[in-house]
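I opened this entry to record what I looked up in one model. The notes cover ligand surroundings and aromatic rings.

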Amino acid sequence: MAKKAVITGITGQDGYYLANFLLNKGYEVYGMHRRSSLDIEERIADLRGKIKLVHGDVTDTSSLVNILQKVNPDEFYNLAAQSFVPDSWTQLESTAEITGLGVLKCLEAIRLTNRDIKFYQASSSEMFGNTPESPQNENSPFLPRSPYGFSKVFGYHATINYRESFGIHASNGILFNHESSKRGKQFVTRKISHSVAEIKTGKQDYSLGLGNLNAKRDWGYALDYVEAMWMMLQQEKPGDFVIGTGETHSVREFAEEAFGVAGITVKWEKKGVDERGYDATTGREIVSVDSRLFRPAEIDLLCADPRKARENIGWEPKTDFKGLVKIMVEHDIENLKGKTGG
Ligand code: NAP
Ligand code: G4F
């Protein structure tokens, strides 16, 4: 009989890739989505007919219990979150309720219905904040720098407590930034790849405003990372695993690489808050720093030490930094030219 999996956050980037991954493994996939005033069909168009949709909200325990009673899945992947860090300062309580308390509600629904359901929690490298250690591993201290970050720390500890107190197979994937052509356009990588594509195809004039160009992140490819989620739930024992590439790059480097893929060489001038990026061939300004995009508290550097995942569950990233940027920029250019479906 086919295994059954429930995925919360099905309309998000990882929901899409995980659903496809599990379908390829022969799973029956149930994608949970919350009520929306607009049709969600467009956002899940590529999954239509392949997965079953169920209504629920991670802030509502009864909806979760209902789903688990009806579906009785083997595996439950909690990907739901208010996941955009800047909005976590302006939507404080809802971020805490969804990204933090929502995890506890998922775990409680499992405890009340069937403790054999295996649980994956989408924990984040944002929990490390400006931790003194680099690279960061499973033992590095958490010093979160945003309401999103400290809500994730709550969810992380809830997961460990349900594992230890009730024997639930519950694991935390501590995932570093992972990106793709399904990434929301407010996140910096997709914002850049989409702008590069607009500039390249003449749909936008040269004008990309970015925030802190010096922040460094460990960026991987989302398709590689959903495999790690599944691998964690196939282990005999649950655990907590850092998932990342082990390489870190600045936002400036990402922008340079992305423009490079489109054949535009960026030359930087006026280092500091007045920094500008120019097209080396035409001399036209293409990147400016917009101080409104700076955060109340920044995480300067994130870099994963994914040794535990490699040695214990056999996970390794397949796509490097340059490969990721190429995939994203080429997809966005082709998409704007109307050659691919999005
Ligand atoms: P995403 O694209 O922002 O997707 C978030 C999903 O959560 C959306 O489907 C959203 O649905 C859903 N959601 C929000 N509030 C909900 C609620 N109250 N009840 C049910 N669903 C709700 O995020 P992602 O990039 O796919 O990331 C997946 C998970 O991994 C998130 O928990 C994120 O915090 C975590 N994470 C991501 C990264 C990364 O680099 N991508 C790294 C570490 C951890 P709507 O469409 O209705 O808004
Ligand atoms: O792309 P970002 O918004 O991602 P951030 O804040 O690192 O969070 C993402 O990764 C986390 C894992 O570490 C996830 F848990 C979280 O859910 C999310 O998926 O920003 C990356 C960096 C930041 O340092 C930011 O200050 O880019 C810098 N940045 C510079 N200019 C910008 C911009 N970020 C955004 N969003 N937009 C800019 O224009």
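**Ligand shells and ring pairs**

I sorted the shell around ligand 2 by class and got 10 nonpolar, seven polar and six charged residues. The model is a predicted one, and I read every value below as computed from it.

Entry on ligand 2. I looked up which residues come nearest to ligand 2: of the 23 around it, they are S124, S125, Y148, R295 and E298. I then went through polar contacts. S125 places a polar side-chain atom 2.5 Å from an oxygen atom of ligand 2. Q186 contributes from its backbone, with an N or O atom 2.9 Å from a nitrogen atom of ligand 2. The backbone of G211 also has a polar atom facing a nitrogen atom of the ligand, at 2.7 Å. I checked how much of ligand 2 is covered: taken alone it exposes 710 Å², and the protein buries 95% of that.

Entry on ligand 1. Here I listed 26 surrounding residues, the closest being T11, R43, D57, S83 and Y148. I noted that Y148 is also among the nearest residues of ligand 2. By class I recorded 11 nonpolar, nine polar and six charged residues in the shell of ligand 1.

Which elements supply at least two residues each to the shell around ligand 1? I found α1 (13-24), β5 and α5. The largest share comes from β5, with three residues.

For polar contacts of ligand 1, I noted D57 with a polar side-chain atom 2.8 Å from a nitrogen atom of the ligand. L79 uses a backbone N or O atom, 3.0 Å from an oxygen atom of ligand 1. A81 has a polar backbone atom 3.2 Å from an oxygen atom of ligand 1. Taken alone, ligand 1 exposes 900 Å², of which the protein buries 88%.

Entry on aromatic pairs. I counted 14 aromatic pairs in the structure. I looked at F128 and F142, whose ring centres are 5.4 Å apart with 50° between the planes, a tilted pair. Both residues sit in the loop between β5 (118-124) and α5 (147-166), 14 residues apart. Is F128 buried or exposed? F128 is buried, because its relative accessible area is 0%, and the cut-off for buried is under 20%.

I then took up F254 and F321. Their ring centres are 5.9 Å apart and their planes stand at 75°, so I logged the pair as edge-to-face; the cut-off for that label is over 60 degrees. F254 belongs to helix α8 (residues 251-261) and F321 to helix α10 (residues 321-336), so this pair ties together parts 67 residues apart in sequence. I found F254 and F321 both buried.

Entry on charges over rings. What lies over the face of F166? I found R111 there, at 5.2 Å from the ring centre.

Note on methods: Residues numbered from 1 in each chain as written. Chains lettered and ligands numbered in written order. Predicted model: local features only at pLDDT ≥ 70, side-chain atom pairs only at ≥ 80, totals over all residues. Heavy atoms only, no water. Phe/Tyr/Trp six-rings, centres within 6.5 Å; stacked < 30°, edge-to-face > 60°. Helix = DSSP H or I, 4+ residues; strand = E, 2+ residues; numbered from the N terminus. Buried < 20%, exposed > 50% of the residue type's maximum accessible area, 1.4 Å probe, protein only. Lys NZ or Arg CZ within 6 Å of the ring centre and 35° of its normal. Near = heavy atom within 4 Å. Polar contact = N/O pair within 3.5 Å; in protein donor to acceptor, adjacent residues only side chain to side chain. Areas by Shrake-Rupley, 256 points an atom, 1.4 Å probe, with all protein chains shown as cover. Nonpolar A, V, L, I, M, F, W, Y, C, P; charged D, E, K, R; others polar.
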